[in-house]
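Trainee: Could you walk me through reading aromatic pairs and surface patches in a protein model?

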Amino acid sequence: MNISLNDAVELVTLEADLLDDGQFTEWLKLYTQSGFYIIPIDPDADDYADTLNYAYDDAEMRQKRVERLIGGRAISAAPPAQTIRLLSRYRLLESDDQRCVLRCAQLLTELRQGRERSYAANVIFTLVKEEDSLKIDQKVIKILGSTEALTAVSYIL
């Protein structure tokens, strides 16, 4: 049986909630060991390994990113931002019984040092079945203004 839209949406909604609630250690568990968290600069890029990205995190880099956020060692994370992200317009692009590709829109609002900022993005998730659960194998966040000057981001998109 193919992975359903409902199952895929349930996982990406959980991910958004964990991130907004600052549960970064739990967030790490949503990924496969070989998975990637990617924020490309070029909105048209599709070969992320050979292009410049804001983030191209494998498991080790995701862990280090979380350690910096939790430990307060990242200058951009002091003080940490509060975030609320809204996901919508879910579309299952591919699906079989082991893997699916889901695209959705994300509007993330941050509050940091008394200033609110918003970032819109298309997010493409590749989800895979691992044992009896779905995991994120790849998350690509295509920020609407990715080629414009971005401010320091003190959270995980």
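This is a predicted model: local features need pLDDT of at least 70, side-chain atom pairs count only at pLDDT 80 or more; totals for chains, interfaces and linings use all residues.

Trainee: How many aromatic pairs does the count come to here?

Mentor: The general idea is to look at ring centres and then at the angle between planes, where over 60 degrees counts as edge-to-face. By this rule, there are 3 aromatic pairs. Take Trp-27 and Tyr-31: their ring centres lie 5.2 Å apart and their planes meet at 70 degrees, so this pair is edge-to-face.

Trainee: Is Trp-27 buried or exposed?

Mentor: Buried means under 20% relative accessible area. Trp-27 has 0% relative accessibility, so it counts as buried. Tyr-31 is at 5% and therefore counts as buried too.

Trainee: What is the geometry of the rings of Trp-27 and Tyr-37?

Mentor: Their centres are 5.8 Å apart with planes at 90 degrees, so that pair is edge-to-face. It links distant parts of the chain, with Trp-27 in helix α2 (residues 24-28) and Tyr-37 in strand β1 (residues 31-40), 10 residues apart. Trp-27 and Tyr-37 are both buried. Putting this together, one aromatic cluster is formed by Trp-27, Tyr-31 and Tyr-37.

Trainee: Now the surface: which residues make the nonpolar patch?

Mentor: For a patch, look for residues with over 30% relative accessible area. Here Ile-84, Leu-86 and Leu-107 make a nonpolar surface patch of about 300 Å². Leu-107 sits in strand β4 (residues 99-112).

Trainee: Why does Leu-107 count as partly exposed?

Mentor: Because its relative accessibility is 38%, and partly exposed covers the range between under 20% for buried and over 50% for exposed.

Key. Residues are numbered from 1 along each chain as its sequence is written. Side-chain values use heavy atoms; hydrogens and water are left out. Patches are made of residues with over 30% relative accessible area and no salt bridge: like charges are joined within 9 Å, nonpolar side chains (Val, Leu, Ile, Met, Phe, Trp, Tyr) within 5 Å. Accessible areas come from the Shrake-Rupley method with a 1.4 Å probe; for residues, only the protein chains shown count as cover. A salt bridge is a side-chain nitrogen of Lys or Arg within 4 Å of a carboxyl oxygen of Asp or Glu. Helices (H or I, at least four residues) and strands (E, at least two) are DSSP runs, numbered from the N terminus. Buried means under 20% relative accessible area, exposed over 50%, partly exposed in between (1.4 Å probe, protein chains only). Rings of Phe, Tyr and Trp (its six-membered ring) pair if their centres lie within 6.5 Å; planes under 30 degrees apart count as stacked, over 60 as edge-to-face and the rest as tilted.
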